[in-house]
Amino acid sequence: MFNMNEIVGSHDILMITLDTLRYDAAAMEEEHCPNLCDDGHWELRHTPGSFTYAAHHAFFGGFLPTPATTNKSEHVRLFHSKNTGLKTHPYTWQFDTTDIVSGLQTEGYRTICIGGVIFFTKKVPLAKVLPSYFQESYWRMTFGVTNPRSTEHQVNHALKLLERSDQEARLFMFINVSAIHGPNHYFVQGAKQDSVETQRAALRYVDGELGRLFQAFRERKRPVFCMAFSDHGTAYGEDGYNGHRLAHEVVWNVPYREFML
């Protein structure tokens, strides 16, 4: 259990959303994900939203995926808004702004967003909402879902930002990884459509690219606290459902990890 009141202000913070990653796909690939799972397992959690836009509003409000258990009293939230009248754990960091991003900014953090899926493109007003939380936000066509090397390009951009960053500066970097979101069939040679198997292959690709990012963060002066989780899953024909933005366990069940780099 991490004490966020000791982490905020002393650590760099890295938040990674693995867009559309199903829990079952993640669990089956643990042994092939040495970067995301090198010292632990994926935890089964429930997402607060069934698609990217809704889920990320919740995340930035401090509502991360919650443990898939009926005993909610054991869950210690990392973040919580101040003065709500609700009891909080001593390890929970409380922010006195509208969201955790601006809250971290008031603590002296440089806040950076590297977008992936359509809601981070800034091409239309709706797609500017989530990036607007951050002091700096970046999106390129090469970061999007149609590019089979999207994570490589996202990580390359993050590395350039880290190279130019003051070693003494506190960083909060958020990355929305788009590669696992459909289309992902091109990660399996000969596949014609997306499936659990092609999503698993996409996750292996993503993990391989994240290794470079993790190493660059390790080389900074500050210790690094990392959160990696999915915003929602997706259906591949279960009970007749396809896609997400719907109420099915394959959408609500997501993998979650928090760890020190």
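Helix α3 (residues 52-60) is largely enclosed by the rest of the structure, because 7 of its 9 residues are buried. Buried means under 20% relative accessible area; exposed means over 50%, and partly exposed lies in between (1.4 Å probe, protein chains only). Helices (H or I, at least four residues) and strands (E, at least two) are DSSP runs, numbered from the N terminus. The buried residues of α3 are Thr52, Tyr53, Ala55, His56, Ala58, Phe59 and Phe60. They pack against β1, α4 (100-106), β8 and β9. Just after α3, glycine 62 takes a positive phi of about 95°.

This is a predicted model: local features need pLDDT of at least 70, side-chain atom pairs count only at pLDDT 80 or more, and totals for chains, interfaces and linings use all residues. Residues are numbered from 1 along each chain as its sequence is written, and side-chain values use heavy atoms, with hydrogens and water left out.

**The sheet**

Now to the strands. An open sheet is formed by 8 strands, in the order β3-β2-β12-β9-β1-β8-β6-β7, with mixed pairing. Its edge strands are β3 (66-67) and β7, each of which pairs on one side only. Helix α6 (residues 196-218) packs on this sheet and touches β1, β8, β9 and β12 (253-260). The direction of α6 makes about 170° with that of β1. Such angles run from 0 to 180 degrees between N-to-C directions; axes are lines fitted to C-alpha atoms, for helices over the stretch in contact.

Two strands pair if DSSP finds at least two bridges between them.

| Strand pair | Bridges | A residue and its partner |
|---|---|---|
| β1 and β8 (residues 170-177) | 6 | isoleucine 16 and isoleucine 175 |
| β6 and β8 | 6 | cysteine 113 and phenylalanine 174 |

In strand β1 (residues 12-18), 7 of the 7 residues are buried, so the strand is largely enclosed by the rest of the structure. In a regular strand the side chains alternate between the two faces of the sheet. Asp12, Leu14, Ile16 and Leu18 point one way from β1. Ile13, Met15 and Thr17 point the other way.

Threonine 111 is found in strand β6 (residues 109-114). Threonine 111 counts as buried because its relative accessibility is 0%. Which residues does threonine 111 touch, not counting residues up to four places away in sequence? They are Val101, Gln105, Phe134, Gln135, Glu136 and Phe172. Contact means heavy atoms within 4.5 Å.

Leucine 130 lies in the loop between β6 and β7 (136-138). Leucine 130 is also at 0% relative accessibility, so it counts as buried. Leaving aside neighbours within four places in sequence, leucine 130 is in contact with Tyr53, His56, His57, Phe60, Phe119 and Phe120. Of these, Tyr53, His56 and Phe60 are buried residues of α3. Leucine 130 and phenylalanine 2 are 128 residues apart in sequence and 27 Å apart in space, C-alpha to C-alpha.

**The cysteines**

How many disulfides does a search of the whole structure find? It finds 0. A disulfide is a pair of cysteine sulfur atoms within 2.5 Å. For cysteine 37, the nearest cysteine sulfur is that of cysteine 33, 5.4 Å away. Cysteine 37 is buried, with a relative accessible area of 9%. The sulfur of cysteine 226 is 11 Å from the closest cysteine sulfur, in cysteine 37, which is too far for a bond. Cysteine 226 counts as buried, at 0% relative accessibility.
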